[in-house]
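I opened my notebook to look up a few things in this structure.

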Amino acid sequence: METKRFDQTTIPEAAAALRRGELVAFPTETVYGLGADATNAQAAKSVYTTKGRPSDNPLIVTVSSREMVAQFADITPQAEKLMDAFWPGPLTIILTIHPGSLSKTVTGGLDTAAFRMPENQLTRELIAEAGVPIVGPSANKSGKPSPTTADHVLHDFDGEIAGVLDDGPTEVGVESTIVDLTVDPVAILRPGAIGPKELYPVIGTVDSEMHHVGANETPKAPGMKYKHYAPTAQVIIVDDPEQFQEALKWIATQNQPFGVLATDDILAQVPDATPQFSLGTDIQSATHALFAGLRWFDLHPTVTLVLAQAFPAVGLGAAYMNRLLKSAGNEHFKPAK
Ligand code: TXA
Ligand code: MG
């Protein structure tokens, strides 16, 4: 299959492919998604097989209007407040669905579903033109870092999907915040650009503990138990920028080719010959660059270790650290004292 690069002028063609049950990747403000008609169980099934995704990990239903949500779920007063405040935007809302209104393939057999209205204008046009909501998991092979450019999508799926709607690099760089409204108190299942501080004025206290799900448990937040965001190289987190000098000395003794993923001030201490990827200057630029950086090291297959910079886990930093910890499988540099 030839994978097309769609743009603003070819949205009708992309929408037609979706209506035929084909897969079309789409841009959002967070990461690129892998779209398929959410009302077509066969199309949704091919999203799982194409991604290599475990079938008990449900898909997000991506919409261009609230009416599309109302086809499947009652919009509760809390949901309405969140939609007023944050839609379109990087917030996914879990609601109880009308029994049987969505296929089990989409919901993973749960009686709830995740709904999201992305900010990207072209994607909302694409969904409106298709006339159906689309499932939208991140457009990466399962386990790999999420894609923040159309090239990342093509790297993983060229020849396997009908096309990708290219609208340049995404802004935020990590996936949407997921808020579960079917539990009391309301719970954050995945941290993103919208955090407890932003949610509190709208719906009051939220549980942001991100309860961990073990491999054998019935998934509550199903995606959380799987390996995620992992490049080929082993990522090692350097918790404190002050430790970088020591970490660089230590890693040089490991006799393994290594790279560094850090902000410019830290990269200034790293020899030019060392493969390195810039996280820019602050937590915004670092979050934007994180997945691109992890993917960049995969293109340097000689690198087997990557030292990566931590940020304080507050605000956007909580979202950044959630992804970095998973990509590193929790490996931290251990300073001598
Ligand atoms: O920013 C985003 O949300 C991106 C863009 C493309 O929209 N999409 C995305 O989808 O990150 P995905 O499939 O990679 O992550 C969706 C997460 C999964 O961890 C899944 O387990 C969880 O949402 N999820 C979906 N339905 C759920 C439900 N009913 N209850 C709890 N978690 C659910
Ligand atoms: Mg994903």
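**Entry: helix 4**

I started with helix 4, where the buried residues are Ala79, Leu82 and Phe86. I call a residue buried if 20 or more other C-beta atoms lie within 10 Å of its own, exposed if 12 or fewer, and partly exposed in between, with C-beta atoms placed from the backbone. Helices (H or I, at least four residues) and strands (E, at least two) are DSSP runs, numbered from the N terminus.

What do the buried residues of helix 4 pack against? They pack against strand 5, strand 9 and helix 8. For contacts I use one rule: the C-beta atoms of two residues, placed from the backbone, lie within 7 Å.

**Entry: ground rules**

This is a predicted model, in which local features need pLDDT of at least 70 and side-chain atom pairs count only at pLDDT 80 or more, while totals for chains, interfaces and linings use all residues. Residues are numbered from 1 along each chain as its sequence is written, and chains are lettered from A and ligands numbered from 1 in the order in which they are written.

**Entry: the whole protein**

I noted 12 helices and 14 strands. The C-alpha atoms fill a box of roughly 60 × 50 × 35 Å, taken along the principal axes. A compact globule of 337 residues would have a radius of gyration near 20 Å, and the protein has 20 Å, so the two agree. This radius is taken over C-alpha atoms, and the globule rule is 2.2 Å times the number of residues to the power 0.38.

How many of the 337 residues count as buried? The share is 47%. I also looked at contacts with a separation of 6 or more: residues 24 or more positions apart account for 68% of them.

**Entry: two domains**

The protein is divided into domain 1 (4–225) and domain 2 (234–327). These bounds come from an automatic or database domain assignment. The C-alpha centres of the two domains lie 28 Å apart. Across the boundary, 15 residues of domain 1 are in contact with 16 residues of domain 2. The side of domain 1 that touches domain 2 has six nonpolar, seven polar and two charged residues. Here Ala, Val, Leu, Ile, Met, Phe, Trp, Tyr, Cys and Pro count as nonpolar, Asp, Glu, Lys and Arg as charged, and the others, Gly among them, as polar.

**Entry: the core**

I looked up the largest nonpolar core and found 101 residues in it. Such a core is a set of buried Ala, Val, Leu, Ile, Met, Phe, Trp, Tyr and Cys residues joined through C-beta atoms within 7 Å. Among the residues with the most contacts inside this core are Val24, Ala113 and Val306. Helix 11 gives the most to this core, with six residues. The core draws at least three residues from each of domain 1 and domain 2.

I then picked Ala113. Not counting residues up to four places away in sequence, Ala113 touches residues including Pro58, Phe72, Leu95 and Val106.

**Entry: Gly173**

Gly173 sits in the loop between strand 8 (163–165) and strand 9. Is Gly173 buried or exposed? Gly173 is buried, because 26 other C-beta atoms lie within 10 Å. Gly173 and His288 are 115 residues apart along the chain, yet their C-alpha atoms are separated by 4.0 Å.

Most residues other than glycine have a negative phi, and most peptide bonds are trans. I listed some exceptions.

- A cis peptide bond joins Trp87 and Pro88, with omega about -10 degrees. Pro88 lies in the loop between helix 4 (77–86) and strand 5 (91–96).
- The bond from Asp184 to Pro185 is cis, with omega near 0 degrees. Pro185 is in the loop between strand 9 (177–180) and strand 10 (187–190).
- Tyr229 has a positive phi, near 60 degrees. Tyr229 counts as buried because it has 24 C-beta neighbours inside 10 Å.
- Asn330 has a positive phi of about 70 degrees. Asn330 is exposed, with 10 other C-beta atoms within 10 Å.
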